[in-house]
Amino acid sequence: MSTATGPAAGLPVRMPRPRQPGRHRRPEPLAAPEGAPVLVLAVPGTPTPAVRSLAEEVLSIARSELSGLDPRIGYLEGDDAEFPTLQTVLTQAAADRADESTAAVVVPLLAGPDTAVVRRIRQAVTDSRCGTEVTDVLGPHPLLAEALHVRLSEAGLARADRARLFTVATAADGIILATVGGEEAVQAAGVTGLLLAARLAVPVLAAALDVDGSIARAAEQLRSSGSTNLALAPCLIGPEVAAPLLQSAAEEAGCSGADALGPYPAVGKLVVAKYTTALGIAPQGAPTH
């Protein structure tokens, strides 16, 4: 028999910890309100099992950040069988949330603006004829700069922690930040690039994979300013471009390259931040623009 302060006998029972007072108290876990819209992750590019695995891992991170979340995946190049199209997923969301004015919130799985892709997402929303809100893309954002730093360090192209003075013989002294989406995407990536440059204390230039000569010009500009060991850092989640394009871009620049961001935890956190901001439930300190 238990008392108010714990069990009188038997196995020990985990008692709730007292809430820590003051400003250092841990924040209450965030939960989606009852009947909240479906979170639909809009995935660009050619769908493959690897792309699906990446998207599912991003949503797994999102669930851990926001309990009660109903996340789904819609593919811009889907086939409605193995890879359901964005329009199909939105239509199903509308059926599941028939009593709600907003059935779904669509978050583009894009690190930066790609006008052509965003236009297709909005067209799919229009064609679905259901209450849907489309958020901004994930970047630019300091969390993406953090993720880029980690990917570069994993490839041996940057020190993992400048404060600890770790040395890497192959560390780059100039970074080409590769993106897609033309000049608008380059400008947005440039903001993240400034944050990355501050972390690494090396120059960073953004360039577009889909603009002829952009990568080569960035490499030439970095070398003319004194950089001798360059690295290519994709400011991309992954599905936006085929892997061979990144490899050929690194060869064009004459340098090594890091992996795309992939399902880095910051990506999942930014997806949740976009969703909660759309609903007006973003907690204090959430990662927003």
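The following questions and answers describe a predicted model of one protein chain.

Residues are numbered from 1 along each chain as its sequence is written.

Visitor: How many helices and strands does the protein chain have?
Guide: Helices (H or I, at least four residues) and strands (E, at least two) are DSSP runs, numbered from the N terminus. By that rule the secondary structure comes to eight helices and 10 strands.

Visitor: What percentage of the residues in the protein chain is buried?
Guide: Buried means under 20% relative accessible area, exposed over 50%, and partly exposed in between, with a 1.4 Å probe and protein chains only. The protein chain has 289 residues, and the buried share is 46%.

Visitor: How many residues are in the largest nonpolar core?
Guide: A nonpolar core is a set of buried Ala, Val, Leu, Ile, Met, Phe, Trp, Tyr and Cys residues joined through side-chain atoms within 4.5 Å. Those with the most contacts (heavy atoms within 4.5 Å) inside the largest core include Leu41, Ile175 and Ile237. The number of residues in this core is 51.

Visitor: What do the buried residues of H1 pack against?
Guide: Val51, Leu54, Ala55, Val58, Leu59, Ile61 and Ala62 are buried in H1. They cover an arc of only 150 degrees around the axis, which puts them on the same side of H1. Exposed Pro49, Ala50 and Ser64 sit on the face turned away from that buried side. The buried residues pack against S3, S4 and H8.

Visitor: What is the hand of the crossover from S3 to S4?
Guide: S3 and S4 pair in the parallel sense over five bridges, where pairing needs at least two bridges found by DSSP. The chain crosses from S3 through H1 to S4. A crossover is right-handed if, with the strands pointing away from the viewer, the path from the first strand over the helix to the second runs clockwise. This β-α-β crossover is right-handed.

Visitor: How far does H8 reach from its first C-alpha to its last?
Guide: H8 covers residues 265-279 and has 15 residues.

Visitor: Is Val180 buried or exposed?
Guide: Val180 lies in the loop between S7 and H5. Among the residues that Val180 touches are Pro113, Leu209 and Leu236. Its relative accessibility is 9%, so Val180 counts as buried.

Visitor: What distance separates the C-alpha atoms of Val180 and Leu236?
Guide: Val180 and Leu236 are 56 residues apart along the chain. Their C-alpha atoms are separated by 7.9 Å.

How values were computed: Predicted model: local features only at pLDDT ≥ 70, side-chain atom pairs only at ≥ 80, totals over all residues. Heavy atoms only, no water. Expected span 1.5 Å × (residues − 1). Arc of directions from axis to C-beta. Lists of a residue's contacts leave out its neighbours within four places in sequence.
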